[in-house]
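Welcome, and please have a look at the model below. The notes that follow take its core, its sheet and its salt bridges in turn.

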Amino acid sequence: MKVVFHPEFYRVYTSDPAAEAGRMEAIVEEIKDYEFVEPEPAGEEDILLVHTPRHLEWVKGMHEVYGIALLAAGGAILAAQISFSEPAFAAIRPPGHHASPDSSWGFCYFNNVAIAVRKLLAEGKIERAVVVDFDLHFGDGTANAFREDERVEYFHMSGRDVNRIAEFLEKAEYDIIAVSAGFDRAKDDWGGLLSREDYVEIGRIIRDYSEERCDGRRFAVLEGGYNHAVLGKNVRAFLNGFE
C-alpha cells in the first residue's frame with residue numbers, strides 16, 4: 001500500500017482546525033514506515049469535472065489556499081490511479097467532502113474524492129463507483145456532486161455501527177471503492193464514538209468487499225480528525241485493516 005503525501009501539506013494555510021500546525025506531522029509520524037509518493041497539483045480541467053467555473057475562480061482568489069487545494073485534489077487523483085495496482089491512502093489537506101459543485105464550507109474548497117472519481121469515469125477506467133464516508137459529518141458536497149449521477153452512490157456512516165458499511169457494500173454495484181476517511185468520530189475527538197479497533201474494522205470491511213467485488217480497487221482520502229494526540233494512531237488503525 002502507498003501513502004500519497006507532499007511536504008506542502010505541512011503548511012498552515014488558514015486558521016481553521018484542518019490547517020493547524022502539527023496535524024499532518026501527527027499522521028506522518030505514525031505511518032512513516034509505508035512507502036510515500038508525492039502528487040502533482042490537479043489541473044483546472046480536473047477541478048471542472050466537478051465544480052463550476054465560478055467556484056474555481058472563487059477559490060483561485062484565495063491565494064494562500066488555491067495552490068494547496070489543487071495539490072490536495074491531485075493527491076486524491078494519484079491515490080485513485082494507484083488503486084488499480086494496490087491500495088492507497090491520500091494524507092492530504094484541505095479536506096473536501098463539504099465542497100459542492102458551486103459552493104463549499106467546513107474547511108473544504110475542492111471536493112478531492114469527487115474529482116478523483118469523476119476523472120476515472122471520464123477516462124473510462126470505471127463505470128460505477130461508491131463513496132464510503134465515515135467522517136463525523138455528512139459529506140453534503142459529495143452527495144451534491146453525484147446527486148444526479150447514477151454511476152456513483154454515496155454512503156455516509158452514522159452513529160457507531162460500522163456494520164452499516166458492510167450492509168451498504170453488500171447491496172451496491174461498483175468498480176472501485178473511494179473512501180472519505182474522517183477521524184473526528186473518534187472517542188477522543190469531536191464525535192466521541194469510535195475506538196481504534198472500530199477503525200481497524202472499517203478498514204477491513206472495505207478491504208474485504210473491494211477484493212471480493214472489484215479486484216481490490218480501493219483508495220482513501222483524509223477528511224476530518226482534529227485531536228493530534230490520537231489522530232495518527234487512528235489513521236494507523238484504519239490502514240492496518242485497509243491495506
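**Core, sheet and salt bridges**

The largest nonpolar core has 92 residues, and those with the most contacts inside it are Phe89, Val117, Leu169, Ile177, Ile202, Ile206 and Phe238. Helix H4 (residues 63-82) supplies the largest share of this core, 14 residues. This is a predicted model: local features need pLDDT of at least 70 and side-chain atom pairs count only at pLDDT 80 or more, while totals for chains, interfaces and linings use all residues. Residues are numbered from 1 along each chain as its sequence is written, and side-chain values use heavy atoms, with hydrogens and water left out.

**Terms for the core**

- A nonpolar core is a set of buried Ala, Val, Leu, Ile, Met, Phe, Trp, Tyr and Cys residues joined through side-chain atoms within 4.5 Å.
- Buried means under 20% relative accessible area, exposed over 50%, and partly exposed in between (1.4 Å probe, protein chains only).
- Helices (H or I, at least four residues) and strands (E, at least two) are DSSP runs, numbered from the N terminus.

**A core residue and its partners**

- In soluble globular proteins, nonpolar side chains tend to be buried together.
- Ile202 is in contact (heavy atoms within 4.5 Å) with Phe134, Met157, Val162, Ile165, Leu194 and Phe238, leaving aside neighbours within four places in sequence.

**The sheet**

- Seven strands make up an open sheet with parallel pairing, in the order E2-E1-E3-E9-E8-E6-E7; two strands pair if DSSP finds at least two bridges between them.
- Strand E2 (35-37) and E7 are the edge strands, each pairing on one side only.
- On average, neighbouring strands of this sheet are turned by 20° against each other, direction ignored.
- Strand E1 (residues 2-4) runs parallel to E2 and is joined to it by three bridges; Val4 has Val37 in E2 as its bridge partner.
- Helix H7 (residues 163-171) packs on the sheet, where it touches strand E6 (129-133), E7 and strand E8 (177-181), and its direction makes about 170° with that of E6. Axes here are lines fitted to C-alpha atoms, for helices over the stretch in contact, and angles run from 0 to 180 degrees between N-to-C directions.

- Phe155 lies in strand E7 (residues 152-156) and is buried, with a relative accessible area of 16%.
- Not counting residues up to four places away in sequence, Phe155 touches Val131, Val132, Asp133, Arg164, Ile165 and Phe168.
- Ser180 is 25 residues from Phe155 along the chain, and their C-alpha atoms are separated by 9.8 Å.

**Salt bridges**

- The count comes to 22 salt bridges, each being a side-chain nitrogen of Lys or Arg within 4 Å of a carboxyl oxygen of Asp or Glu.
- Glu30 pairs with Lys233 in a salt bridge, with the closest N and O atoms 3.3 Å apart. This pair links distant parts of the chain, 203 residues apart: Glu30 is in helix H1 (residues 23-31) and Lys233 in helix H9 (residues 228-242).
- Glu30 is partly exposed at 27% relative accessibility, and Lys233 is partly exposed at 35%.
- Arg54 and Asp102 meet through their side chains in a salt bridge (2.1 Å, N to O). Arg54 lies in helix H3 (residues 53-60) and Asp102 in the loop between strand E4 (99-100) and strand E5 (103-104), so the pair ties together parts that are 48 residues apart in sequence.
- Arg54 counts as exposed at 61% relative accessibility, whereas Asp102 is partly exposed at 30%.
- Arg164 and Asp161 form a salt bridge (3.9 Å, N to O).
- Asp46, Lys119, Glu123 and Lys125 are linked in a network of salt bridges.
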